[in-house]
Amino acid sequence: MPQNVPDFRFGEDAIKLRQFLYEFWCARGYPPNLRDATEATGFDRRRLMQAYRELDLGIMVVIDQETENVNLLKCMPFSAYPSQARLIIDGRFNGYLGCAMEAVAASKMPPFAGKACHIEAYCACCLGPVRLAMTDGALISAEPQSTLVHVSLSPWYWNASTVIRMCDAMNFVLDRSHAERFERQAGRRGAIFTLAQAIAFVSRGVATRMWDPHRPPDFIRPAEIFDGLKALGVDTSVWER
Ligand SMILES: [Zn+2]
């Protein structure tokens, strides 16, 4: 269902809630609960639930749809549970990031403008350290410089029900040999992005995330994603036969 969702626009409730989620999470490094959300928005439980569901459909957040407290699992770029990447600003832990792609996107959030953002992550195969320094969405340094992003899930499966499996499939690797080792470990092939390609891939979304309060929903439309990846020079042949 969440692939190829027809065009829609967020209502004012969803827009207000999204802005609050960004501000709270950027400031504190952890997600708000329903009470925090009702204090900030004035919405009651049912109104909050509807706004969360709308944001989930538009791929701004991931909630556990079955829970009475609409448990908030992600508000991209942030993850409520431990992930492949930590965001460190001014030496302080500022939250887990959703995946390797969200890791290279996070420094573009308006509250972090001009700040040195450090991403502490690891290689998918050996858990060896990966460290990135980024400011305003631009890469300042990468350790090791050979770091790549391995994506082990075809866009035809992204957001089949939520983005959780898709995010889980987007991992840093130390280099191509570590990517190949991870593929043998996981029993799955994947496409490889250079850091420059990963940054370019997320650039359109991060240009408006939190910058534009009326940013429209995201949509997973696999055929269009393939066109975009090919334009970036990503080798997608691994998913095509
Ligand atoms: Zn490794």
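These are my notebook entries on a predicted model of one chain.

**Entry 1: the whole chain**

I began with the overall inventory. I found eight helices and 11 strands in the chain. I then looked up the extent of the C-alpha trace, which spans about 50 × 40 × 30 Å along its principal axes. Next I checked the radius of gyration. A compact globule of 241 residues would have a value near 18 Å, and the chain has 17 Å, which agrees.

I also looked up burial. Of the 241 residues, 38% are buried. For contacts, I took those with a separation of 6 or more, and 59% of them join residues 24 or more positions apart.

**Entry 2: the sheet of eight strands**

I turned to the strands and wrote down their order. Eight of them form an open sheet, S1-S2-S3-S5-S4-S6-S7-S8, with antiparallel pairing. Which strands stand at the edges? They are S1 (61-63) and S8 (138-143); each has a single partner strand, so one side of each is left without a neighbour in the sheet.

S6 (residues 117-122) and S7 (residues 129-135) run antiparallel and are joined by six bridges. Within this pair I located Cys117, which stands opposite Met134 in S7.

**Entry 3: the sheet of three strands**

I noted another open sheet, with three strands in the order S10-S9-S11 and antiparallel pairing. Its edge strands are S10 (170-173) and S11 (191-194), each pairing on one side only. I looked up the angle as well: neighbouring strands of this sheet are turned by 30° against each other on average, direction ignored.

I went through the pairs in turn. S9 (residues 148-151) pairs with S11 in the antiparallel sense over four bridges. In that pair, His150 stands opposite Ile192 in S11. S9 and S10 are also antiparallel, over four bridges. There I found Val173 in S10 as the bridge partner of Leu148.

For S10 I asked which residues cover its two faces as buried positions. Met170 and Phe172 are buried on one side, Asn171 and Val173 on the other, and both faces of S10 are covered.

**Entry 4: helices against the three strands**

I then looked for helices lying on this sheet. H6 (residues 176-186) lies across S9, S10 and S11 and runs at about 25° to S9. H7 (residues 195-208) lies across S9 and S11, and I noted its direction as about 90° to S11.

I stayed with H6 and listed its buried residues, which are His178, Ala179 and Phe182. Why do the buried residues of H6 line one face of the helix? Seen down the axis of H6, they fall within an arc of 105°, so they line one face. I checked what covers these buried residues, and the list includes S9, S10 and S11.

I then looked at the face of H6 turned away from its buried side. Arg176, Ser177 and Arg184 are exposed there. Last, I looked just past the end of the helix.

Definitions and conventions: Residues are numbered from 1 along each chain as its sequence is written. This is a predicted model: local features need pLDDT of at least 70, side-chain atom pairs count only at pLDDT 80 or more; totals for chains, interfaces and linings use all residues. Two strands pair if DSSP finds at least two bridges between them. Axes are lines fitted to C-alpha atoms, for helices over the stretch in contact, and angles run from 0 to 180 degrees between N-to-C directions. Two residues are in contact if their C-beta atoms, placed from the backbone, lie within 7 Å. The radius of gyration is taken over C-alpha atoms; the globule rule is 2.2 Å times the number of residues to the power 0.38. A residue is buried if 20 or more other C-beta atoms lie within 10 Å of its own, exposed if 12 or fewer, and partly exposed in between; C-beta atoms are placed from the backbone. The arc is that of the directions from the helix axis to the C-beta atoms.
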